Amino acid sequence: MNLLQGKTAIITGATRGIGKGIAEIFAKNGANVAFTYSSSVAAANTLEKELNELGVQAKAYQSNAASFEQAEQLVKDVLETFGAIDILVNNAGITKDNLLMRMGEEDFDTVIEVNLKSVFNMTKAVQRTMLKQRKGSIINMSSVVGVKGNAGQANYAASKAGIIGFSKSVALELGSRNIRSNVIAPGFIETEMTGKLDEKVVDEWRKSIPLKRGGSPEDVANACLFLASDLSAYVTGQVINVDGGMLT
């Protein structure tokens with residue numbers, strides 16, 4: 001099924017984990033994919049090749065979404081190459097976890113800049129194009145931590161909660177032009193990053209989830225596919241928890 005045939009998507013931070021899963025599912029559904037990476041050149045080249053082999057147009061861009069200028073330049077470059085931007089997935093994000101008493105100012109500022117300001121930068125940069133087209137789907141990656149908070153992650157939780165407020169406001173502003181803005185809040189997703197954690201700890205987490213397993217990048221990507229496609233034409237301003245029932 002080619003749910004995204006003829007559409008062009010920008011995905012930030014797509015060389016591994018959830019971002020990579022989204023890029024693959026989008027390409028398999030016919031979307032042309034422009035994706036960004038910060039430093040992993042080899043991984044970006046491999047993914048670009050893999051996506052092009054699926055018969056779509058794909059291109060990797062080294063770009064820092066936390067920079068307003070680089071976000072503007074990226075959108076210019078993507079429009080030159082692809083001619084349109086139908087879908088934006090703001091996925092790039094970092095963590096710098098620590099208890100508040102030990103959290104330095106820089107650890108707070110950097111996480112807010114990379115996770116939250118990047119969403120502002122990229123949304124503002126694609127807005128003009130989507131307004132002209134009178135259509136578009138913006139998908140912002142939050143987290144269950146942005147919904148319920150988490151000890152030791154005040155900076156990360158603040159950034160992810162901010163994304164929810166921002167996305168709902170954008171949905172209200174741009175709805176009349178047929179531009180939709182939604183949020184995905186993943187729970188415990190098993191990626192390369194969680195692979196480095198103690199297996200016992202991970203197992204405890206799995207047991208505490210109603211579906212008794214961690215999620216996969218594909219679980220998140222499938223929810224993104226729904227929001228990116230016309231199947232969700234009447235869905236905007238929503239937060240979809242992809243968390244195995246964790247927040248139930």
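This is a predicted model: local features need pLDDT of at least 70, side-chain atom pairs count only at pLDDT 80 or more; totals for chains, interfaces and linings use all residues.
Two packed helices are described by the angle between their axes and the distance between the axes. The crossing of α1 past α2 is right-handed. On the α1 side, the residues in contact are Lys20, Ala23, Glu24 and Ala27, and they meet Leu47, Glu50 and Leu51 of α2. Sorted by class, the residues of this contact between α1 and α2 comprise 4 nonpolar and 3 charged, with no polar ones.

Helix α1 also packs with helix α8, which spans residues 217–228. Here the axes come within 8 Å and cross at roughly 50 degrees; α1 and α8 are therefore oblique to each other. As α1 passes α8, the crossing is right-handed. From α1, the contact draws on Gly17, Ile18, Gly21, Ile22, Ile25 and Phe26, while α8 brings Pro217, Glu218, Val220, Ala221, Asn222, Cys224, Leu225 and Ala228. The contact of α1 with α8 holds 10 nonpolar, 3 polar and 1 charged residues.

The next pair is α4 and α6, whose axes are 8 Å apart and meet at an angle of about 15 degrees. That angle makes α4 roughly parallel to α6. The two helices, α4 and α6, form a right-handed crossing. Among the α4 residues in this contact are Phe108, Val111, Ile112, Leu116 and Phe120, and the α6 residues include Tyr156, Ala158, Ile163, Phe166 and Val170. In the contact of α4 with α6, 13 residues are nonpolar, 6 are polar and 2 are charged.

Rolling a probe the size of a water molecule over the atoms shows where empty space is left. The largest pocket has a volume of about 1400 Å³, and 49 residues line it. Nearest the centre of this pocket lie Ile18, Gly93, Thr95, Tyr156 and Met193. Several elements each supply at least two residues of the lining, namely α1, β2 (32–37), α4 (105–133), α5 (144–148), α6 (154–174) and α7 (199–208). By class, the lining of the largest pocket is made up of 20 nonpolar, 24 polar and 5 charged residues.

Note on methods:
Residues are numbered from 1 along each chain as its sequence is written. Side-chain values use heavy atoms; hydrogens and water are left out. A crossing is left-handed if the near helix is turned anticlockwise from the far one by less than a right angle, and right-handed if clockwise. Helices (H or I, at least four residues) and strands (E, at least two) are DSSP runs, numbered from the N terminus. Contact means heavy atoms within 4.5 Å. Ala, Val, Leu, Ile, Met, Phe, Trp, Tyr, Cys and Pro count as nonpolar, Asp, Glu, Lys and Arg as charged, and the others, Gly among them, as polar. On a 1 Å grid over the protein atoms alone, a cavity is a set of points where a 1.4 Å probe fits but cannot get out, and a pocket is an open set with protein on both sides within 12 Å along at least five of seven lines; lining residues have an atom within 4 Å of a point. Grid points are joined across faces, edges and corners, and a volume is the space filled by probe spheres set on the points. Axes are lines fitted to C-alpha atoms, for helices over the stretch in contact, and angles run from 0 to 180 degrees between N-to-C directions. Angles under 35 degrees count as roughly parallel, over 145 as roughly antiparallel, 65 to 115 as roughly perpendicular and the rest as oblique.
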